[in-house]
Amino acid sequence: ANISIYFTVNALVLLLVRPFAGKLADKKGTASIVYPAMAFDALALFVIGRASALWMIIAAAVSKAAGQGSGQPTLQAASLKTLPPEKSGVATSTFYIGGDIGQGLGPMLGGAVSDHLGYTAMFSCAACLFGFGMVSYFIFTKHLKKAQESVAKRDAGLVKEQSNDYNKEN
């Protein structure tokens, strides 16, 4: 009864969370939003899979909205920052391809899991995907940081070489 309250609470929390997430990401960095967002999303799925009362559904709505409402726009903004402004269309469409694939495959895979193992297992598996996402994001950011450091060292070496060449010539 009254399950539609999930969507009402979800929408209200989204309205509250989104304006603050971007400002916080700008101040503290993308990771400061992404990790908690994935944890909130995982928690919401875990709770929904075990919900036996309306208050649990409402708590899941709050958690899901906090996660999705902060994580999705933060990741989209981060993807836009990786390319020059004239390639923003490429960044946006690539970002949304992932969501489209998930919305296409998710119900099929979730349905298969729920048919064989039940809804609790389905929601638990979906929650585990966020754990996989956290590990993947951690590995990706470590790799990205190493690549950026390598480029910075290379560029610093080029500047030093150019400076030495200039000093030899003069």
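Student: Where in H4 does the kink lie?
Tutor: This is a predicted model, and in it H4 bends by about 30° at Leu-105, shortly before the proline Pro-107.

Student: Which residues does helix H4 cover, and how many does it have?
Tutor: Helix H4 takes in residues 88–117, which gives it 30 residues. From its first C-alpha to its last it reaches 42 Å, close to the 44 Å expected at 1.5 Å a residue.

Student: Back to Leu-105: buried, exposed or partly exposed?
Tutor: Leu-105 is partly exposed, because its relative accessible area is 44%, and the cut-offs are under 20% for buried and over 50% for exposed.

Student: Which residues make the nonpolar surface patch with Leu-105?
Tutor: Ile-97, Ile-101, Met-108 and Leu-109 make the patch together with Leu-105. The patch has an area of about 510 Å².

Student: And which residues in H4 are buried?
Tutor: Buried residues in H4 include Ala-91, Gly-110 and Ser-114.

Student: What comes just after H4?
Tutor: Gly-118 is found there, with a positive phi of about 100°.

Student: New topic: how many aromatic pairs does the structure hold?
Tutor: The structure holds three aromatic pairs. One of them joins Tyr-6 and Phe-7, whose ring centres are 5.1 Å apart. Their planes stand at 85°, so this pair is edge-to-face.

Student: Are those two residues buried or exposed?
Tutor: Tyr-6 is buried, with a relative accessible area of 14%, whereas Phe-7 is exposed, with a value of 58%.

Student: What about Tyr-35 and Tyr-137, how are their rings arranged?
Tutor: The rings of Tyr-35 and Tyr-137 are also edge-to-face, with 5.4 Å from centre to centre and 75° between the planes.

Student: Which helices does that pair tie together?
Tutor: Tyr-35 belongs to helix H2 (residues 31–50) and Tyr-137 to helix H5 (residues 119–169). The pair therefore ties together parts that are 102 residues apart in sequence.

Student: Is each of those tyrosines buried, exposed or partly exposed?
Tutor: Tyr-35 counts as partly exposed at 26% relative accessibility, while Tyr-137 counts as buried at 14%.

Student: Which residue forms a salt bridge with Lys-81?
Tutor: Asp-26 is the partner of Lys-81, and their closest N and O atoms are 3.6 Å apart. This pair links distant parts of the chain, with Lys-81 in helix H3 (residues 54–81) and Asp-26 in helix H1, 55 residues apart.

Student: Are Lys-81 and Asp-26 buried or exposed?
Tutor: Both Lys-81 and Asp-26 are exposed.

Student: What does Lys-64 meet in a salt bridge?
Tutor: The side chain of Lys-64 meets that of Asp-41, at 3.5 Å from N to O. Lys-64 lies in helix H3 and Asp-41 in helix H2, so the pair ties together parts that are 23 residues apart in sequence. Both Lys-64 and Asp-41 are buried.

Student: What separates Leu-15 from Lys-27?
Tutor: Their C-alpha atoms are separated by 20 Å, and the two residues are 12 residues apart along the chain.

Methods. Residues numbered from 1 in each chain as written. Predicted model: local features only at pLDDT ≥ 70, side-chain atom pairs only at ≥ 80, totals over all residues. Heavy atoms only, no water. Patch = residues over 30% accessible without salt bridge, like charges linked within 9 Å, V, L, I, M, F, W, Y side chains within 5 Å. Areas by Shrake-Rupley, 256 points an atom, 1.4 Å probe, with all protein chains shown as cover. Salt bridge = Lys/Arg side-chain N within 4 Å of Asp/Glu carboxyl O. Helix = DSSP H or I, 4+ residues; strand = E, 2+ residues; numbered from the N terminus. Buried < 20%, exposed > 50% of the residue type's maximum accessible area, 1.4 Å probe, protein only. Expected span 1.5 Å × (residues − 1). Bend = angle between axes of the 7 residues up to and from the residue. Phe/Tyr/Trp six-rings, centres within 6.5 Å; stacked < 30°, edge-to-face > 60°.
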